[in-house]
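Morning, everyone. I have one structure to show, and I will keep to what can be computed from it.

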Amino acid sequence: MAETLAYLWPEVTLFLATCVVMVVGLSPSAAVRRLCPLICGISLAAAGIFAIGTTPTGPEHTRSLMPSMLPYAKAIIAAVGILLVMLLAGTVDREEEANIEKGRTFDPLRLNSGEFYSFFLFSLTGLMLTASADTLIWLFLALELTSLPTYVMVTISTARSNAREAGVKYFFLGALGAAIFLYGFTLIYGGTGSVHLTEIRHAITTQMAGEGLNPITLAGILLAIIGIGFKIAAVPMHYYTADVYQGAATPVTAMLAFVPKTAGFLALMLVCSTIGWHYGESGAGLPDAVRLLLWVMAVMSMTLGNVLALLQTSMKRMLAYSSIAHSGYMLVGLIAGPGDTFTQSGLSAVLFYLLSYGVMSTGAFAVIASLERNPQRTHTGELAYDEADSIEAIRGLARTKPLLGWSLVICALSLLGFPLTIGFFGKLPLFTAGISAGEIGLVVILGLNSAIAAFYYLRLVAYPLFDEAGDEARAFNLTPMRTRPAVGALGAAGVVLMTVFAGPIARLAHNAVHPDSQGHVADDASNNTDEPVAAK
Amino acid sequence: MVLLLLIVIPLICAGLIVFNPREQAKYIAAGGSLVSVVFGVVALAAFNWSQGGMDQLTFTTPWVPALGLNFDIGADAVSLLLIALTILLGPICVIGSFTAVVENQKTFYAWLLILQSAMVGVFCARDLVLFYICFEFTLIPMYILIAMFGSSNRRKASTKFFLYTFTGSVIALAGFAYVAWQHSVFTGEWSFNMAALGETARALNASQQAWVLLALMAGFAVKVPLFPVHTWLPLAHTEAPTAGSVILAGVLLKLGTYGVYKFALPFAPAAVLDYAPFMAVLAIIGIVYAGLICWVQTDIKKLVAYSSVSHLGFCMLGLFAVNSVGVTGSVLYMISHGFSTGALFLMIGMMYERYHTRSMKEVSGLGSKMPVWSTFMVFFVMASVGLPGLNGFVSEIMCLFGTFQSGPWTGQAGVTPGATFGMLGPVFAAFAGTGMIVAAIYLLYMTGKIVWGPTREPDDHHAHEVLPTDLSAREIGVLLPLAAGCLVFGLYPAPLMKAVEAPVNDTVAYVQSLNTGDTGRVMVWTAAHEDDHGSDHNADHGDTHTDEHAQDEHSEDHSGEGH
């Protein structure tokens, strides 16, 4: 128990902060209430530091399959989490806070902000716990802890009625996803006789060496992957994405793009490593059925995501479909599996991509969240802030609001994977890892999809830069919440600056999944028929 | 180090432009590009022209070691000449835009300088990913220049330009990654070093090389542009601002041919041999088809744009002839086309500034109104047509000679008199040669109308507020270096040929030294020529030669001959 706890200081920190925030959010003093996001930020920073500083190294202390992944995974969660909390600050209770300022008496029942921030921290706690999971039950609970708060956050994020619709849709489909992977988990338990991931892997290895993989186990793994596909918004579990992303307030959408996706990929890595690769070693790939499933999910997600994104005129829907596509890209890394070097390891590529995607998509959403126009009363009489959504809103943005406009341009280029942004350095290892794993067809599809993506990302570049601001664009003003444009600028700066530090980040990402890698391990060239011929 | 300066100086100046008042933008840009020219001259002087290999003026520092990515630059003669072309066009574009660009000057000049940095980066990159980064990054400045400063249809043109090129180059990146992976399988090292990957790529078997070639051509053929994927070019050229067109025609298209020269030939020599006839057919279709399209244009700028498609076809043809004459001609063509077509776009820009139309139907007979402009126009048209004594002739005729002599490769030398190594032959040259005739027709037809035709001006024409009726001293100053270049290059091309000899021979040797015994073809050519660089055989084309002599001859005999 104590050994397990040694891994969990970041989670403990966040959980304590969750409790504090819930109380602080109910304080009668507005000044104290405003501390909530600050507490979230500080606790996240502390969690990140604890993750790097206190996580024991070496697999002997834990039954987790990938213990060395924890510092990196939790640190990037904390880093992107800080960006997200800056973006979320002030999202709920704007009207009520304004009324209290005008003299209305403080009524704790009317305020949601405490819950909102504590739910946010709960979700991130769940995300970190997902990384730490060593049993199926833990994994399930952690995944649900990640998702359950987001259902509420979507619903209360704005007074607009489509947020309610989005929340309900998200909840029911989320429950369906959870049911599917929980069913898968039970089958895995039935097929292997254990809930511990290490024991499951041992059992599966024994089965494969003996009379072959138990079909129940295999069915369990497949169902688990499909169910977790809901978290990463991969086809065929992507249905909710566009509606939910559009319905939620934009800061919450930004969170949805990063938090469940990261949880899903961490969980997928754990599930796949029970059946496929040995921890930190290349070699044994995934069984054909698993590989085929992931392959179909990857191709469908990339293609469907990008093609549907082409058709959108709403930026949030466009980014929602692009989020599906990005999940498809990362699935390529998952299929490629581990490898000796960073360039050959799909898993390090996924970990690297998660960080770059977190920064660039948060940056892009932050720019959109910074634009709003006159609030309107909903049918329930609440004040809803009309956020920028239609792509018309960003016409001429680089001229009217240069900082926002250029931030969006840079983030969009990065999402496209354009050189000199972190998106390029994220996509390149997916290319190389995919090719190293022999998945050349998949890599070509990935390349073609990047080209399709250029069509719609280019709109996010061209509209702000080249167009005159129309009537609709002029109606949108900068939001009074100044942290939002700051997040946009930070995201854009991060996207560019991280290219300078791409080397160290890549090394960390690689060591996270390959703790024993001693740099470049020479492959045996003799199993290749062609000797390199020194051509003149 | 000097190459690093050539990349950094424009970037610094672009930064200065951003933080200085609008009125100073053009002067900072002009100053910066002139300083680059000075350092360019230093680079040319410091260069040892007798060496091949991209190992001069190098600068290396690790960037993302985990990806095997280094910031690794260096130059050989071909890349240095193309860099020289790039930085020479720099001040010409900047100064040539002084009156044409009145709005958003800071944006314009800053991106023009950034574009220059990226192009220099492409030519001096010794790391595949660095090459790719620079190659791709040229898209953004050009995209912005076209979309913000172009004419009426600029948005469509810029988007099409971006999407075509981006799509192609992503596939090329997959090709690079494939080669890098093969390299890691062979050697256990993950690297994107160009020379190391070249070794690996050449060791691949023919079908693997064919895929590599296909992937690389997807990227480069779009940029050149080769026939079926050329459709972005006329639009982009026509809509781009003058400086954009000059850079586009002068340098950006050469990124494609440079890519073919630097990667396709050395990386996939076996596949190049297999697919050379196919590529040549595409190039010839481009030459003739684009030439015929030029014939019916009334928009002068579009005409010159299509003529680029036609001209670059010769360049590709020379490359796929894979003999020294053809490839040398091709390399010279890259430079020569930058001078003459760049100048033609400048001429058209100058006319457009005065008349606000590019249609031959609205403007004609400018010989009497603008004698100086007309003189330059005729001069550059002649250079473009390929009048002997001007630059176009030398390179174009070498490309055709190379094609003519290239093969048919029967495996035994001397079966066809005068034939050298290669897969093309007289038939290809004959078809391509018709392109020269068509070029003469459409260019002279255009000149005839616009210079000597009945004098006609648009109805609402009135004098420009700043510019005189004929060319101003600034405009003449911009054109003179290009004209001088065309003339010197045309009259005395020997030094240039000599300069590119070593690297071109290295590249050609990659293909010619193929030992393709495993594919069933007998390989008779050897790379024996390496020992006698610099000697001049002056051998007779008509003779039948022994294997090694034929090889020697064709690596050397073109230099110094007047043709």
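I will go through one helix, one residue, the contact between two chains, and then a few totals. Keep in mind throughout that this is a predicted model.

Start with helix α18 of chain A, residues 402-416. How far apart are its end C-alpha atoms? They are 21 Å apart, and because 15 residues at 1.5 Å a residue should span 21 Å, the helix agrees with expectation. Just after the helix comes G417(A), which takes a positive phi of about 85°.

Is L331(A) buried or exposed? It counts as buried, because 31 C-beta neighbours fall inside 10 Å, and the cut-off for buried is 20 or more. Setting aside neighbours within four places in sequence, L331(A) is in contact with A234(A), L294(A), M297(A), A298(A) and S301(A). For a distance across the chain, take I52(A): it is 279 residues away from L331(A) in sequence, and their C-alpha atoms are separated by 27 Å.

Now the two chains together. Contacts between them involve 43 residues of chain A and 43 residues of chain B. Which elements give two or more residues to the chain A side? Those are α19 (422-436), α20 (440-466) and α23 (502-513) of chain A. The largest share, 12 residues, comes from α20(A). By type, the chain A side divides into 28 nonpolar residues, 11 polar and four charged.

Last, some totals for chain B. It has 21 helices and two strands. Of its 563 residues, 63% are buried. Among contacts in chain B with a separation of 6 or more, 77% join residues 24 or more positions apart.

That is what I have; questions are welcome.

Key:
Residues are numbered from 1 along each chain as its sequence is written. Chains are lettered from A and ligands numbered from 1 in the order in which they are written. This is a predicted model: local features need pLDDT of at least 70, side-chain atom pairs count only at pLDDT 80 or more; totals for chains, interfaces and linings use all residues. Two residues are in contact if their C-beta atoms, placed from the backbone, lie within 7 Å. Helices (H or I, at least four residues) and strands (E, at least two) are DSSP runs, numbered from the N terminus. Ala, Val, Leu, Ile, Met, Phe, Trp, Tyr, Cys and Pro count as nonpolar, Asp, Glu, Lys and Arg as charged, and the others, Gly among them, as polar. A residue is buried if 20 or more other C-beta atoms lie within 10 Å of its own, exposed if 12 or fewer, and partly exposed in between; C-beta atoms are placed from the backbone. The expected span of a helix is 1.5 Å times one less than its number of residues.
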